[in-house]
Amino acid sequence: MKTLNRRRFLRGTLGGGIITLGLPLLDVFLNDNGTAYADGSPIPTRFGTWSWGLGMSESIFVPKKTGADFDLPEEISALASVQHHINLYTNFHVFKDDAPNLCHHSGWVILRSGIAPTTRENRPGETIDVAVARQLGNATRFRSLSATATGDVRDSFSYEGGNSVNAPEWSPLRFYQRLFGDEFQDPNASTFIPDPRVMVRKSALTAVQEQAQKLQQSVGAADRERLDQYFSGLRDLERRFDLQLTRPDPREACVMLEEPANLANGLDADLVSKRHRLMTDLMLMAVACDQTRVFNMFYAAAFSATTKPGYDKPHHTATHEEAVDTELGYQPNTSWYTRRAMEEWGYYVNALASFREGDGSLLDNTFIYATTDQSFAKIHSIDGIPMFSAGTAGGRVKTGLHVDGGGTAGCRLGFTAQRLMGMDIESWGDKSNHTSSEIGEILV
């Protein structure tokens, strides 16, 4: 039976016509352990990011115990159901060096790019997801995907350069239509018919390649750089056309979802939660259908304006203006916002774990890198910014651990993630954020 091919189809006739049925991802297509395809090719590894705004209240967020079976203080108690799937990283620092501490900006930029920004407009380098997408994203329809629960297209922690921010999907309905609209090729469909519109577009694109090369030779250096960026986009488009003209492999977990209703605008916490869960379900189905292997989910902005019913200050304002309760030792309403964020992080991880794939789940073949912008937002601290990861990256990562960084560079987690994704890099980050040290405690 192991001679079966995962592109094997069932063929027959019906009413004089040929019918073709694609097979799902059967156990027979996998090795004896269910960890790879029978021909030796691995089940795809994916990389995702998740982000929340405004950090934590350290006294009720950071566990007292490190290693396995760590305690869950009240601000992260919602993570009990996913504790065995995640790692929590505390006491890791980001370093501004000779750059200013740009409140709600420096922290996330350093953790995502490895470089301290010098102004709010400055986005140095490129973010980690962009680098990983070049490694993993060439075999899928979308090299990467981003979505936000804020309803604001400006909220993104992903960029390719200072002036090239990757705008996220902000509407569940628009996101659904982009993912599962007319150009979606169902990998489990009974037949495959290449879209003639794609064939025409590809032909038109190919026809202008020679003229494009001549144009690049006739302009100045600055224009050549702009054209090179433009034509890189066209080459990526051509790659996507090629993929759309090739029958996709069957995907066991890929199921067409119902089109969601359009949500109202607003940042009420319940509405943000609903939007986050809709976007999460859509994003993860896109991953399960192998439309992308690199993806970003944005729960709340660094300047989070999420609101709490019955409370007159949005999250960001509360971090500045709410007094610390002398008995509790923290800001209770500010902490309420963080707890809601942790509930959504728990939902996100559970959603990944619920997709069966091989002998495990989609989460088992994924590594999620989750960051925020501050540690204690009331004083705009960037020392000890908490981070999470989820998933085992195909069995290469231990989970269920609390890791104390001992004041070392937070960029160690980003460096570790890139190495796990197969990137051939010896180090990552700039100046004091530069590191060549993986977080060995989590590696198998």
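Among contacts (heavy atoms within 4.5 Å) in the protein chain between residues at least 6 apart in sequence, 71% join residues at least 24 apart. The model is predicted: local features need pLDDT of at least 70, side-chain atom pairs count only at pLDDT 80 or more, and totals for chains, interfaces and linings use all residues. Residues are numbered from 1 along each chain as its sequence is written, and side-chain values use heavy atoms, with hydrogens and water left out.

**The whole chain**

Start with the protein chain in a cartoon view. It has ten helices and 14 strands; these are DSSP runs numbered from the N terminus, with helices (H or I) of at least four residues and strands (E) of at least two. Of the 444 residues, 52% are buried. Buried means under 20% relative accessible area, exposed over 50%, and partly exposed in between, with a 1.4 Å probe and protein chains only. Switch to a surface: the chain exposes about 19400 Å², and carbon and sulfur atoms supply 50% of that area. Accessible areas come from the Shrake-Rupley method with a 1.4 Å probe; for residues, only the protein chains shown count as cover.

**The sheet**

Next, select strands S4, S14, S5, S13, S12, S3, S9 and S6. These eight strands form an open sheet in that order, and the pairing is mixed. Two strands pair if DSSP finds at least two bridges between them. The edge strands are S4 (67-68) and S6, each of which pairs on one side only. Ala68 has Leu401 in S14 as its bridge partner.

Select S3. Six of its six residues are buried, so S3 is largely enclosed by the rest of the structure. Arg46, Gly48 and Trp50 are on one side, with Phe47, Thr49 and Ser51 on the other. In a regular strand the side chains alternate between the two faces of the sheet.

Now show the neighbours of S3. S12 pairs with S3 in the parallel sense over six bridges; Gly48 has Ile368 as its bridge partner there, and Phe47 stands opposite Phe367. S9 runs parallel to S3 and is joined to it by five bridges, with Ser51 opposite Phe298.

S12 is mostly covered as well, with six of its six residues buried. Thr366, Ile368 and Ala370 are on one side, and Phe367, Tyr369 and Thr371 on the other. Three antiparallel bridges join S12 to S13, and in S13 the bridge partner of Ile368 is Ala390.

**Helix H1**

Select residues 106-113. Eight of the eight residues of H1 are buried, among them Trp108, Leu111 and Arg112. What covers them includes S3 (46-51), H2 (128-136), S7 (159-161), S12, S13 and H10 (411-420). Just after H1, Gly114 takes a positive phi of about 85 degrees.

**Helix H3**

Which residues of H3 are buried? They are Pro172, Leu173, Phe175, Tyr176, Leu179 and Phe180. Because they cover an arc of only 160 degrees around the axis, they are on the same side of H3; the arc is that of the directions from the helix axis to the C-beta atoms. The buried residues of H3 pack against S6 and H7.

**The cores**

Finish with side chains. A nonpolar core is a set of buried Ala, Val, Leu, Ile, Met, Phe, Trp, Tyr and Cys residues joined through side-chain atoms within 4.5 Å. The largest has 49 residues, and those with the most contacts inside it are Trp50, Phe61, Met342, Trp345 and Phe388. Elements giving two or more residues to this core include H3 (172-180), H7 (269-288) and H9 (332-353). H7 gives the most, with nine residues.

Centre on Trp345. Leaving aside its neighbours within four places in sequence, Trp345 is in contact with Trp50, Leu79, Ile86, Ile368, Ala370, Phe388, Ser389 and Ala390.
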